[in-house]
Amino acid sequence: MGAVTWILYAVIVWASNKSRVGGQPLSCSAAADYDPSIRPNSTGAPVDVSLHFYIESMGTIKESTMDFTMTLFFRQFWHDSRLVANASVGRDVVNFKGDRMSTIWTPDVFFLYEKESTFHDVTVPNRMIRLYPNGTVLMSTRVSVTLSCNMDLARFPMDTQECQMIMMSYTYNSNEMILTITNNSLEIDADLQIPRFQLDGYKTDMTEIGYGPTGNYSVARVIFSFSRHLQSYILTVYIPSSLIVVIAWLSFWIDAKAAPARVSLGITTVLTITTMTAGMQETMPLVTYAKALDVWLTVCLVFVFSSLMEYACANYLVILENKRKLKNYTKKLGNGINEKVDHLRVFEFHYGLGVARRPGYREPLTADKLDRICRYSFPVVFALFNAIYWPVYLKA
C-alpha cells in the first residue's frame, strides 16, 4: 500500500471547501480512518517525541517558597506516518493555529513538580502546529511555568543551586512514548537577566520513573545551575553589620564613668543587629540548619552584646576601685573622712597612699585596663573569625 493521505489537509478541505495547497489537489480517501485519540504507530514501537525549548525569561528564584519561574517556547517534534502526504501533493509546510490542535494526535507532556502555569493568549493564543509533508509534526506553545526547586541554603548567600525542569507523559508509559532531549535542545535568550542570580550552565538527561501498576514513564530533565550574586548582600548586610560591630567597639574609648553614652551605644547596636536579623528571617524559609548569613549575624550580635557586657564589668570594676581607694584613705586619715570619690586621686598623690607594695603584689584589674585589653582583643578576634568564615563558605 502506498503513502496514506495527509489527513490534516482533508480537514481543511471539509472546513473551507478549498482543496488546494500549493496548487496541488489532495486525496482524502483515508480521512475517516484517522483517530486523533490514538497515538501514531499504536501497535508498534513507542512514539519518539523530541523536546526543544527557547527560554525567553526567568523570574525571581524565591528562597521563601523554593521555586522559580520561566517563560518559554515549548516545542515538541514527533512523526505521524498517518499524516504523510501523497506523492502527488505539493511539498509545502502547513501551519495551523491552536484552535485546530484537536484535529490530530498530540503528546500529553506535562511538567513534574509544577506549582503554577499559564498559556499566553495575547493577542491570540500562542499555540501552533506545523505539519511537514513527511509526516513530521511540530507543536509549539508559549507558556509561563513555576516549578518547585529544593534548595540547600546552608551556604546562603554564597550558595549555588540546581533547579530541575522535568517533563513526562501523563498517559503513555515508556512502552508507548519516549521523550528525547539533548543539550542542543535548549536555547536561552542572550539578554537573559535573573534577579540576584546568574545562570552558570545547564545539562540534560533522560531517565525513567516507575509508578507502580501503570508502568515506567520516560522522563526528560533539564538541570539548571545558578549562583547567587553576592555583591548586593555585601552592600546591604555584611558591610553594615561590620560597621555596627566597629561602632560597638567605640565604647572602649569612652570613659567608663560616662554611663549614659556607653549604655545607649551598646543598646543601640544590639537592637540594630537584632532588627537586621529579624528582617532577613522574614524572607527566608524555616530550615533546621544554620545558614551562612545566620552564622555571620549571630557572631556580630555576640560581639555587640559582649561590648555591652564589657561595660557592665567595667562599671563594676569602677565601683570596686572606688571602694578600695576609700578604704585606703580611711586607714590613712582616720575614721570620719568624707571626701568625694572624684577627688580620691588627689588625696592619694598627696598622702602617698598605695605607693609601697608587698613583694609579689599584683595590680588589681581596673576599668581602664579592661578597656585597653578589649580595644585590641575584640578586633583581633573578629579578624580571626573573618579569616575562618570566608574561606569556609566561599569554597566551591
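In which helix is the place of L243? I looked it up in this predicted model and found L243 in helix α2, residues 231–249.

Next I followed an open sheet of four strands, in the order β6-β10-β14-β13, with antiparallel pairing. I noted that β6 (109–112) and β13 (197–210) stand at the edges with a single partner strand each, so one side of each has no neighbour in the sheet. From one strand to the next, the twist averages 25°. I also looked at β13 beside β14 (residues 216–228), and this antiparallel pair runs over 13 bridges. As a landmark, I marked K203, which stands opposite I223 in β14.

**Entry: the cysteines**

How many disulfides does the structure hold? I found one, formed by C149 and C163 with their sulfur atoms 2.0 Å apart. C149 sits in the loop between β9 (136–148) and β10 (160–169), while C163 is in strand β10, 14 residues apart. The torsion about the S-S bond is about -75°, so I wrote this disulfide down as left-handed. Both ends are hidden away: C149 is buried at 1% relative accessibility, and C163 is buried at 0%.

C313 is partly exposed, with a relative accessible area of 44%, whereas C374 is buried at 6%.

Technical notes:
Residues are numbered from 1 along each chain as its sequence is written. This is a predicted model: local features need pLDDT of at least 70, side-chain atom pairs count only at pLDDT 80 or more; totals for chains, interfaces and linings use all residues. Side-chain values use heavy atoms; hydrogens and water are left out. Helices (H or I, at least four residues) and strands (E, at least two) are DSSP runs, numbered from the N terminus. Two strands pair if DSSP finds at least two bridges between them. Axes are lines fitted to C-alpha atoms, for helices over the stretch in contact, and angles run from 0 to 180 degrees between N-to-C directions. A disulfide is a pair of cysteine sulfur atoms within 2.5 Å. Buried means under 20% relative accessible area, exposed over 50%, partly exposed in between (1.4 Å probe, protein chains only).
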